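Try each task before you read its solution.

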Amino acid sequence: MKKMIGLAMIGALCWLGSGCSTVDATSKYNGMHPTLDANTAPVAHLNSRINGVFLFGFIPLFSGAVNKPDYTAIFTNTTTVDNAFFQMMIQARQKGANAVINVNSSVDSSMILPIFLYMRSVEVSGTAVIQNAAPSPMPLGY
């Protein structure tokens, strides 16, 4: 009985604590210009992350919804670099950027419950910019 309660609690924590997708953005550069080209104006630095929980490491249980950040997709594997990049590009366009530079990605996988439950995280980050923009002074941030 204790094992069943323990497994149910672990499952509930996995469900509540993972299987989400987020896109975070900042445009506070503290007077620095994050691009080398004077005709490229930075809009925001973006970080897209998608988490998922898998049974036996390959059967998707919960993962982050790509088109709706902070929502969960059930029995669908959305934890791919393609989806995280797509999610970041949507946010870049919404902020008025016409390009994303300095793109980096990482994929991480770890066991939650040995043999049974695995968590996979995909993260993509980059700087959204407007290329061929007139040079403008960067405001001081904090």
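**Exercise 1.** Find the strand in which I59 lies, then decide whether I59 is buried, partly exposed or exposed.

*Solution.* This is a predicted model. Step one: locate the residue. I59 lies in strand 3, which covers residues 59–64. Step two: check the accessibility. The relative value for I59 is 34%. Buried means under 20% and exposed means over 50%, with partly exposed in between. I59 therefore counts as partly exposed. Step three: look at the surface.

**Exercise 2.** Find which side chain meets E123 in a salt bridge, and state which parts the pair ties together.

*Solution.* Step one: find the partner. The side chain of R49 meets that of E123, at 2.9 Å from N to O. E123 lies in strand 6 (residues 117–131) and R49 in strand 2 (residues 40–55), so the pair ties together parts 74 residues apart in sequence. Step three: check the accessibility. E123 is partly exposed at 24%. R49 is partly exposed too, at 31%. Step four: count. The total comes to one salt bridge.

**Exercise 3.** Is M88 buried or exposed? List its contacts beyond four places in sequence.

*Solution.* Step one: M88 sits in helix 2, residues 81–94. Step two: its relative accessible area is 0%, so M88 is buried. Step three: M88 is in contact with L46, S48, V100, V103, V124, S125 and G126, leaving aside neighbours within four places. Step four: compare sequence with space. M88 and A25 are 63 residues apart along the chain, and their C-alpha atoms are separated by 9.6 Å.

Conventions
Residues numbered from 1 in each chain as written. Predicted model: local features only at pLDDT ≥ 70, side-chain atom pairs only at ≥ 80, totals over all residues. Heavy atoms only, no water. Helix = DSSP H or I, 4+ residues; strand = E, 2+ residues; numbered from the N terminus. Buried < 20%, exposed > 50% of the residue type's maximum accessible area, 1.4 Å probe, protein only. Salt bridge = Lys/Arg side-chain N within 4 Å of Asp/Glu carboxyl O. Contact = heavy atoms within 4.5 Å.
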